[in-house]
Structures are given as C-alpha cells and as structure tokens.
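I opened the coordinates and kept notes in the order I looked things up. The entries follow.

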Amino acid sequence: MNELFPIYLKLDQVQTLVVGAGPVGLEKLEALIGNSPKANIHVVAKEVIPEFERFIADKTNVRLSQRAFELRDMERVDLIILATNNPEFNNQVRELASQNHILLNVADKPSLCDFYLGSVVQKGNLKIGISTNGKSPTIAKRLKEFLNDLLPEEIDQTLDLMQSMRNSLKGDFQEKIKVLNAHTKELLKNTSNDSAN
C-alpha cells in the first residue's frame, strides 16, 4: 500500500541542494525548475556536463559550486537531492540529513529517500502528481502521457470559472461546498458525454 503523503512545495521559499551535475543531476534539476521556475537551488558538483551548464546559464536562482561536497553545503538547507553514483557518499549524507532534519532524495535509491520526485501532469494551474511508491517510474511516465492526452487544454479556463464562482458564493462553508460539488458533478457529466460522442 502506498502510504506516501502528497504535498506541493513552494520551492521559492525553501533552499534546495542538488549534489551532482551529470545526466541524472540535469534530469532532477529540469524537474525542479520545470515545476517551480523560481526555486532556490544550490548545485555542488566536481564535474559538470556541458548540457547542465547550458541549462543553468540564464537561471539566476540556480547557483553552481564546481567542487566536492562540503559539510557547510548543508547549512540552511531544507531539501537535498543526490544525483551521484557513490553509495558510500550517499549513505554518509543520509545520516547527516537525518541528524539535521533535512529531507533527502537519492536518485534511484528509494530506501534512502524521504521523498520521491514523481511524474507530474500540468495543464495551466492544474497539477497532478503521480506516485508508484518508487516501484515503477515507467508506469508513472505512461500514466502521465495518458492524463496529458485526456485532459482538455481548456481546463485552466474551467478552473478560473470555478474560482470566480467560489468567490461569489454567499453562505456558510457547508453550503458553498454543496453548490460547488453540484456544479463540478454536472461538469464531469458533460465532459464524459462529450468524450463518448
């Protein structure tokens, strides 16, 4: 059973450390920036691939220190993402992160992770996270493709209309929920009728 708790972080309000600037580090950084363009990120890596350098060239919120990891890199950090293939180092940082109450993600090592970077479907303001509990990133990727195709491009307009409706409703909380639930139920019925035709 998947007991992970899905949360959406405001990465522009926390400090993230990424260790590693190879292909896996680039993949992690692209995921972070793709979902949170203003994320505060410090990258530490001895070796940096050219694609990584090109990706961060115009990103003032990403700071690169081209050197080995040092303990001081963990100061005032909220999240750490390790993209290294050094098991001894990964285990050492796992211990340090636990001692300092810093959440850790280690690429391709679910047993060392406090959190996973799941597949994300995004259409405007709608964002859906997909988790397989670390078991199959491939299935998560396929579900992402399926949902991307399924969700209409106009979903953002619908979200704007729902927000306007919510803001204009009077009455207590329970009454507002009742009205909004009835409206969204009708929306879903219309959507499924359209797709059946």
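Entry 1. Which residues is phenylalanine 89 in contact with, leaving aside its neighbours within four places in sequence? I found Val19, Phe69, Leu82 and Thr84. I note that this is a predicted model. Phenylalanine 89 lies in helix α3, residues 87-99. I count phenylalanine 89 as buried because its relative accessibility is 15%, and buried means under 20%.

Entry 2. I looked up the nonpolar cores. The largest has 18 residues, and Leu29, Ile41, Val43, Phe52 and Val62 have the most contacts inside it. Two or more of its residues come from each of β1 (15-21), α1 (23-35), β2 (40-48), α2 (50-56) and β4 (79-82). A second, separate core has 17 residues, among them Val19, Val44, Phe69 and Leu96.

Entry 3. I followed leucine 29. Not counting residues up to four places away in sequence, leucine 29 touches Ile41, Phe52, Phe55, Ile56 and Val62.

Entry 4. Ile139, Leu143, Phe146 and Leu150 make a nonpolar patch of about 400 Å². Leucine 143 is in helix α4, residues 137-150. I list leucine 143 as partly exposed because its relative accessible area is 39%, between the 20% and 50% limits.

Entry 5. I read the domain assignment: domain 1 covers 1-117, domain 2 covers 118-150 and domain 3 covers 154-195. Taken over C-alpha atoms, the centres of domain 1 and domain 3 are 38 Å apart.

Terms used. Residues are numbered from 1 along each chain as its sequence is written. This is a predicted model: local features need pLDDT of at least 70, side-chain atom pairs count only at pLDDT 80 or more; totals for chains, interfaces and linings use all residues. Side-chain values use heavy atoms; hydrogens and water are left out. A nonpolar core is a set of buried Ala, Val, Leu, Ile, Met, Phe, Trp, Tyr and Cys residues joined through side-chain atoms within 4.5 Å. Buried means under 20% relative accessible area, exposed over 50%, partly exposed in between (1.4 Å probe, protein chains only). Helices (H or I, at least four residues) and strands (E, at least two) are DSSP runs, numbered from the N terminus. Contact means heavy atoms within 4.5 Å. Domain bounds come from an automatic or database domain assignment. Patches are made of residues with over 30% relative accessible area and no salt bridge: like charges are joined within 9 Å, nonpolar side chains (Val, Leu, Ile, Met, Phe, Trp, Tyr) within 5 Å. Accessible areas come from the Shrake-Rupley method with a 1.4 Å probe; for residues, only the protein chains shown count as cover. A salt bridge is a side-chain nitrogen of Lys or Arg within 4 Å of a carboxyl oxygen of Asp or Glu.
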